[in-house]
Amino acid sequence: MDEQALLAMLHDLIETSRDGEAGFRSCSEEAMGLQLKSAFTCRSQRCAAAARELTALLHTLGDDSAANGTCTLHRRWIDIRSIILNKDNSVVLIQCERGEAMALNSYRNALDAELPAAVRKVLERQYQDVLQHDGQIKFLRDQMRSYG
């Protein structure tokens, strides 16, 4: 992978992480119940940490544009607030699954490329984190269906 493609891919993953941070923060604010609020708040914080880590990687590669705020948020998540006016947790979880599916796809595409070892190590760890959280969201969704 050439340097420009690598930088573009990292910018895309930063945007994905920032979008996840905002999406999960919205979910936390709208969800009913402490368990969901806590899970979404934690995931929002993990997304923020992933964005910071990816930004640090960009910095080591000589690109400071993400740190300067020039990386724009694409809002890949639908505006959660407009969808969950009735504060239905099952709808919130469905939107979270969609957001995680998009993040997983972004990471899979990145990991399919030839990457420097240090970048691959970070991306693989972050991918596993997203994969684990996706499983947690599905578990919560299934749990809600069985009780609901």
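This is a predicted model: local features need pLDDT of at least 70, side-chain atom pairs count only at pLDDT 80 or more; totals for chains, interfaces and linings use all residues.
Visitor: At what angle do helix α4 and helix α5 pack?
Guide: Helix α4 covers residues 89–111 and helix α5 covers residues 117–147, with their axes (lines fitted to C-alpha atoms over the stretch in contact) 9 Å apart. Taken between N-to-C directions on a scale from 0 to 180 degrees, their packing angle is about 155°.

Visitor: What does that make α4 relative to α5?
Guide: Angles under 35 degrees count as roughly parallel, over 145 as roughly antiparallel, 65 to 115 as roughly perpendicular and the rest as oblique. That angle therefore makes α4, relative to α5, roughly antiparallel.

Visitor: How many charged residues are in the contact of α4 with α5?
Guide: Here Asp, Glu, Lys and Arg count as charged; Ala, Val, Leu, Ile, Met, Phe, Trp, Tyr, Cys and Pro as nonpolar; and the others, Gly among them, as polar. The contact of α4 with α5 has 14 nonpolar and four polar residues, and its charged residues number eight.

Visitor: How do α1 and α4 run relative to each other, roughly parallel or roughly antiparallel?
Guide: Their crossing is left-handed. The axes of α1 and α4 come within 10 Å and cross at roughly 165°. The two helices are therefore roughly antiparallel.

Visitor: And α2 with α4, roughly parallel or roughly antiparallel?
Guide: α2 passes α4 in a left-handed crossing. Their axes come within 13 Å, with a crossing angle of roughly 20°. So α2 and α4 are roughly parallel.

Visitor: How far does helix α2 reach from its first C-alpha to its last?
Guide: Helix α2 spans residues 34–60, which is 27 residues. The expected span, 1.5 Å times one less than the number of residues, is 39 Å for this helix. The reach in the model is close to that, at 39 Å.

Visitor: Which residue with a positive phi follows α2?
Guide: After α2 comes a residue whose phi is near 90°. That residue is Gly62.

Note on methods. Residues are numbered from 1 along each chain as its sequence is written. Side-chain values use heavy atoms; hydrogens and water are left out. Helices (H or I, at least four residues) and strands (E, at least two) are DSSP runs, numbered from the N terminus. A crossing is left-handed if the near helix is turned anticlockwise from the far one by less than a right angle, and right-handed if clockwise.
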